[in-house]
Structures are given as structure tokens and as C-alpha cells.
Amino acid sequence: MTAPHADEATTGGVDAYTAAQTAQDAAVGHRSRDFKVWRGTDGVGEFRSYTTETDDGMVVLDAIHQIQAAQANDLAVRWNCKAGKCGSCSAEINGKPKLMCMTRLDELPAGEPVTVEPMRAFPHVRDLVTDVSWNFRVKPRIQKFTPRPPDDPDGTWRIQQRDVDRVQEFRKCIECFLCQDVCHVLRDHHMHEQFVGPRFLVYAAALEMHPLDIADRTTELKEEFGIGYCNITKCCTTVCPEHITITDNAIIPLKERVVDKHYDPLRALVRLVRGKRKD
Amino acid sequence: MPDYQTVDHDVLIIGAGGAGLRAAIEAAATGLSVGVVCKSLLGKAHTVMAEGGVAAAMANVDDRDSWRVHFADTMRGGQYVNNWRMAQLHAQEAPARVRELEAWGALFDRTPDGRILQRNFGGHRYPRLAHVGDRTGLEMIRTLQDHGIHQGMDVHMECTVLALLRDGERIAGAFAYDRERGRFRIFRAKAVVMATGGIGRAYNITSNSWEYTGDGQALAYLAGADLQDMEFVQFHPTGMIWPPSVRGILVTEGVRGEGGVLRNRDGKRFMFDNIPDNYKQQTADNEEEGWRYVQGDKDARRPPELLTRDHVARMIVREVKEGRGSPHGGVYLDISWIKERIPNASEHIRKKLPSMYHQFMQLAGIDITREAMEIGPTTHYVMGGIRVNGDTQMTNVPGLFACGECAAGLHGANRLGGNSLSDLLVFGKRAGEFAAAYARTQSPVSINADEVDESARRALAPFERGTSADGPYQVQESLQTTMQNHVGIVRVAHEMERALGELEVLTQRAERVGVPGNREYNPGWHTALDLRHLLIVSEAITRSALERRESRGGHFRDDFPDKDPAFGTFNHVVRRGPDGAMQLVREEIPPRPAELDAIIKEMQS
């Protein structure tokens, strides 16, 4: 290929783009801001105060990183993508469950310290990190994806876009577990043994409404996963960073399926005669 | 040797992104004991960030596509220093790997007749990327994760490997610590698969998260494996640049695939100004034809915005340098303009690019359906990595395998968008399959206690130095600045020589880094331990780049701006010499079989 010629790129020092980006750092507005970050181990700890310089457009995670780099190297925090796609940096910011990477400082009240604390529905590990492993133990209990036989001889399926679109909402879930954090059945009543929580009801809904799936999870939803414990307060929907309408679109339709299967004597009879049907 | 917890597996997979999970699924299917170790929680690896799609010549949208065209595109994109065997296997096997994902529950966008839809992407001659909106990576990693957890593999989350262990010449496992409590752990295994991803944290401006510190490359190197093509780092042309805190976050190439255009400050589509000769025949020379292409007109040629990433990134740097950049030092990427062409453009953009819409709205306050994005290059991917056998993915260390981004070969000097997701599926499967087959032939391995003790001692040293010493974050930032400034998008000999000097100083600083606190979930300590790996890969990149006195793919030399055919016949390989110093050698690329040569020639015409 014709490479750009030497005069088209910078000679010596950094390239033009890197230099331009460095120059931007000097141009942004700085102001100092106070933070109260919960520090401690295994649930024992306290809020500690930090002050750090903040720039235009900064998110809470940036501030936490700055504090970590300069003032508290051992400040424990989980994060990965910093773009709202991986769901690692869940915390409670000013008391509200949020992703730290998607919460801009300029959307929080300016005159008061920003409080950052770990999710409260899970066992505490250190600082902002909690033990979310329970979620990873719940998932394998849900019957896995079970497709109908392929439609075409080459082993592929024909699926309409509208059927893909229908379950997209549930498949957007980034497993940040904020819905689990805010769910009072888990947070206040600690019913982790009896109830799988909103995340896994969304997961079950994604499977149940998957255009190819032919398994039936309604009995487990009722008996093992405790869908009846959800009393539709919609707290999970409110905090979902992916804006999944968890209660209305996932949980309520699943509840209806459970009711259809278990409490409608006529349909139960029909089912007995015609075999399992999936709608 | 203190009594560390020891875990036994036949096959140990290090890394739980797409490549690691795909390898684990394959190895577990053979009935062997398979362990997966990952630095983060399951499902958080960088695969989740992949947006545009997975490249596979299924020919669902354009029936002229075939593995042969995909092979030729990959070789052209990689400037012919690719491992041609890997490029062949990749093109041939990718369609089956994508269909397999569907059988495991992945849902891709569809064609009108209900098959998997494929979209346009840079360097791919035909629409080839299976996708679901712009969150293909999430769909893939979740599918692999949800399928994998039912396959009988043990996942060791938030566990970082400090060293690979050997039993004589062959691999014997790994020594690691759990991040949560800081306890050491020995993994004894007959075969080890590296699937640790990239090296992006060696640079300031990067799309990569904290995890991508070159662990796989550095651990393999220290265990005696060869690294190849390390000079080839991909700077993705479109990262966010404003506000500063989001700088580097990826903006999917899918924006351009859907009709997004690049403009400079003056509103000019500058990509038409410089179309490389080897792409001239297949690139539109006017805006009208480019638009027809993204609309699916099979007679039209693709717009120059869809040229390969290395070229687009350099053109952006040129615009900025010549004073035609945007206010924040990048250029404009505009998808909103399609409202001039199609009705309901706003709705269309939100449907095809939902996470981009969300990302810009939330982080930059920009509505991409109404205004242009400001973007610039960001360190995204390393084409180079651990040198492997193209068929089996085994390294020169018996029992040590590598796949995905941490392995080298498939992409040559520049990776085509969409080829990384197919890479990790095709070669993840192969690595898992051959690692399992290898493990079956092996007698039990034994652990070398001295290796373990040395590794433990080294890992705990930062605590003994106390906090008065140089901090880990400061050393890491200095390293990133060195690499960004001196071994970045535009390279020149004296700058890279300076970088080598600085890396030497940084290596000394890293040896003195102290951290506060204790071993329980201590990111300062973790960062200190990652420094060693970052330094090794940075040195490998710099030495390889210095020796490549030409410009090719992702490697651009200001002092050697042209491609030199003499450099197209070999790969750079670095390995650890007997004295511990890094050695660099040239390894000839084996001659291509006549059949593959014929495909390349045919596609060039």
C-alpha cells in the first residue's frame, strides 16, 4: 500500500493525536470534591473521607481510581470495562444502587460529599467488594437452553427477526446484580435459599421466551426458584442500568405461566390429554 | 515449600474470555478434569466488550462469499505475514463455530428469510459479520458461559497466575493467588492453555480494562515460549475522546458498517483522499457509491471508511496533525447524517447501535442520532503474541497451548474487525481439543518446589518494602506514558531507543515498588504484581518494532514509511535467552502451498 509519507506524521516526540489528547487534559475544568468511601473488611468498617480533584465529565469510578492511585493504594474495588457493559462496578452511590462507571459526578448534588459503599445484599469482603458468588451458584440450577430440532437439514434454524427482538431486552442483562442488591426478598429477608432473585427470573424468562427453546421451567420457578415471593414492588426495574423492565416484561409473564400451569384445572386437563405445550 | 492448597486438573485454562471458555468446553467434552482460572468474575472478560460481530463466511447475505474470500481478506489485511495455515483453518471453520453458538442459545439478528444476518465491516469484501445489534460480544460470552457451566468445568474466579510451573521441559501447571484473600494456590495440570487476552494497559489511551497486562504473553515467555510479531499492535481508529475520563472507550466499527462517515473539522470526508493501492479496486471513489454499498447494493464498492483499521487510524492522526481535527483533538464520526437518506433514521440507529447510543448519551451527553461523535485512535488489540502451531495451538513448550488474542499468527500485521471473535471460537476449540488429547498421553506431573517458593517470595516482596517506596500506580502510569509517546501509532528509531532506556529504569522502579495494607483484595498489590508482565510485553513490543525497519499494518515507522518486501518473508520472534535477557530472531515464514497462493492471486485481480 502507499504508506502516508513522513511529513504526514509527526517527527520526534509523540504523535499529533497523542499530543492533542494530552493538551486536552490541561483544558478541562477542575474542582475539588469530597467523597465518603466505605472502608473495611468482612462487614466491619466505616466511611472514610477523601478529597480529590475532579474534571468535567468524570464518573464516580474515575474518582475512586484517583483516590486509589494517590491516597489509598489498597482501596478494593471491582471494575472492568468502564463503559457499562460488563457489570462489575456495582455499588451504592449516595445510597442508590448504581454502576460506578456510568454515574457522572455532575448528576450528583454538588454541595455535599458523594458517598460510595458496597452492595448491601451480599456478604462483604473488603471496601467496595462483596462476595457475589451466590449468583454464580444459582445459575446452573436453572435448566439450560434446550433447542428444538434444527429446521434445516444443515443443522440450522430459521428464526424471524421479531422473535429475536422479543427476547433482546432480557439478553441485554450484564449481570451487575444491582437488581439482586435492591430486592427486598434478598436484601431484607435474606431468602437466598428460597428465592433466586430478579436476575435469574430475567434469565429464566430469556430461556422460556427463546424462540428455539422447548424446555419448561414453570414447575421449578414455582417450587424451587420462589417466584411467588416477588410481590412486584418494581425496585429491580428502577435500578437496572440496562433499563430492562424486569417486573412487567419478565417476572409478571412468568408468574402468569406458573398460574396457567398450576391453577387452571381446565388447562391442566387439556395438558394431560395433549401433552406439554409451550406458548 | 509451605503447604499451599493444591488443585489438580488434567487441563488448566488460564483466562475466561471467549477463547478460554471455548477451549474449556471442548476439553471438558472429552471427560477430562478441566479447570478455568480467571482474574475477574466469570463473564466480565473483554469479549463482553466486542460490539460489531463475528466474521464467518456463511454467505447468508451475499452468496459470493466463501472461506476462500475470507482467507484472502484476512491475509491481505494482515499484509501477508500471517500464519497462512491459521488463516485457512479460521476461514474454513468459523461458520461451523458460529452455528454451534446458535445451537447453544445465542441469538443473532436475522435475514428476511430467517437466517443469521451479516453486516459489513472494514476489510471484509462481503457482509460477513454475524451480530446482534452492537452487543455481539455480550451475547457470545454469555452463551459460552451459560453453556460451559453445565459441561463439568471448575471455574476459579478472581484468581491471578503468578508463574507457569514446569516438570523438566514439559508444563506442570501454574502458581496463583486468589484475589479475595490473597492466598497462594498451586494448580497441577498436564496441559495448560493460555487464553489471557491482550496488552492494552501498556498504553495510556486504550479500550482495554485493568486486566490486560500481557499476563499470558509474559508468563509463557518466562516459561520458555516464543513470542511472535509483538510489534504489531492495533490502534482502533474510533475510541471516545471527550470528556477525558472516557478517552479510549471503544466506538464500534459497526457505526461505519451502518453508514457512519468520518469528517474533519471542515466537514470533509477525508478518507477519500488516500486509498491504498491494494484496496483501490474494491473501494468506492465517491460518496454515492459508498452509500449504496452500506445499503446492500452488490454492485457498489465499499466506502473508504471501511478500509482496514491501521490505515483509518493513521488518516485520523494525519488530519489532527495538519490542523483539521475536531475541538478535542480527534475527528468526527457521524451516523446521524443518514437521516438525509432514510426515514426513521433515529429509530434505526437506536436499534442497530443501542449500546453506542446509550454510551454517548450517558457518558458524553451526545445524542448520536442528532449529532456527530468526536473520536480518535485507541490501543485495542495485539496481533502478536505467543507463537503456536497453527493446527494444534501448542507452543514450543510441551503441554503449553495458547489461543485467542494472546496467541499470534492469524492476524499478521493487522487484524480485521470481527476476526477476533471468530479467532477465539475456532482456535479456542482447537486448543481445548489438542490440549485434552495431549494431556491424555502424559504421566502425572510433579511440581518443582523451588519454582513455587521463588514465585511466592517475589510476590510478597512489595509488602516488605512498605509504602514509602514508589507506588505501583505511578510506575504503571509512567510505563503507559512511555509506550504511548514512544512506541505508539507513529514510531521512529530514536524514540524507541529512548523507550528501551526508560523501560530499563521502570524495571528497576518496579523492583522497588511497595504497597500498603494486607493481602486481602488489595488492588495496589495486584497492580504491583502485574507490572512485571507489562514490562516484559512492552520490551518485546519495542524491540520488535525497532527491528522492523519498514511500515506494515499496525506498525508504522516515520523513518521507514514504506513497506519493504524483504520484511514480508519472516516474523520477529522474541525469547528469553540463557542469561535472562530478551533475544530477538527472525523466523522465516514457510512457503504457502500452491492452492492458497492461487486463492490470494485470484482475489487480487
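Predicted model: local features only at pLDDT ≥ 70, side-chain atom pairs only at ≥ 80, totals over all residues.
## The interface of chains A and B

Chain A and chain B bury about 7,600 Å² between them. Of that area, 54% is on carbon and sulfur atoms. The size of an interface is often given as the accessible area lost when the parts come together. Chain A puts 82 residues into the contact, and chain B puts in 99 residues.

Charge pairing also spans the interface. The rule finds 9 salt bridges across it. Over all chains the count comes to 82 salt bridges.

## Salt bridges between the chains

Asp42(A) pairs with Arg181(B), with 2.9 Å between the closest N and O atoms. Asp42(A) is partly exposed, because its relative accessible area is 44% and the partly exposed class runs between under 20% (buried) and over 50% (exposed).

Glu158(B) and Arg78(A) form a salt bridge at 2.6 Å, N to O. Glu158(B) is in the loop between β6 (154–156) and β7 (159–167) of chain B, while Arg78(A) is in the loop between α2 (60–70) and β3 (90–93) of chain A, so this pair too joins two chains. Both Glu158(B) and Arg78(A) are buried. Glu139(B) forms a salt bridge with Arg171(A). Their closest N and O atoms are 2.6 Å apart.

## Salt bridges within chain B

Arg430(B) and Glu93(B) meet through their side chains in a salt bridge of 2.6 Å, N to O. The pair links distant parts of the chain, 337 residues apart. Arg430(B) belongs to helix α11 (residues 419–440) of chain B, and Glu93(B) to helix α3 (residues 84–103) of chain B. Both residues, Arg430(B) and Glu93(B), are buried.

Six residues of chain B are linked in a network of salt bridges: Arg22(B), Glu26(B), Arg97(B), Glu100(B), Lys429(B) and Glu433(B). Side chains of opposite charge can pair when their charged atoms come close.

## Helix α8 of chain B

Helix α8 of chain B covers residues 309–321, 13 residues in total. From first C-alpha to last, α8(B) reaches 18 Å, close to the 18 Å expected at 1.5 Å a residue. Just after α8(B), Gly323(B) takes a positive phi of about 85 degrees.

α8(B) is mostly covered, with 12 of its 13 residues buried. Among them are Arg309(B), Asp310(B), His311(B), Met315(B) and Glu319(B).

## Arg68(B) and its contacts

Arg68(B) lies in helix α2 (residues 67–77) of chain B. With a relative accessible area of 31%, Arg68(B) is partly exposed. Leaving out residues up to four places away in sequence, Arg68(B) touches Ile599(B), Glu602(B) and Met603(B). Arg68(B) and Glu602(B) are 534 residues apart in sequence, yet their C-alpha atoms are 9.8 Å apart in space.

## A nonpolar patch on chain A

Leu266(A), Leu269(A), Val270(A), Leu272(A) and Val273(A) make a nonpolar surface patch of about 550 Å². Val270(A) is found in helix α11 (residues 265–274) of chain A. Its relative accessibility is 37%, so Val270(A) counts as partly exposed.

Definitions and conventions: Residues numbered from 1 in each chain as written. Chains lettered and ligands numbered in written order. Heavy atoms only, no water. Patch = residues over 30% accessible without salt bridge, like charges linked within 9 Å, V, L, I, M, F, W, Y side chains within 5 Å. Areas by Shrake-Rupley, 256 points an atom, 1.4 Å probe, with all protein chains shown as cover. Salt bridge = Lys/Arg side-chain N within 4 Å of Asp/Glu carboxyl O. Helix = DSSP H or I, 4+ residues; strand = E, 2+ residues; numbered from the N terminus. Buried < 20%, exposed > 50% of the residue type's maximum accessible area, 1.4 Å probe, protein only. Expected span 1.5 Å × (residues − 1). Contact = heavy atoms within 4.5 Å. Buried area = accessible area lost by both parts, 1.4 Å probe.
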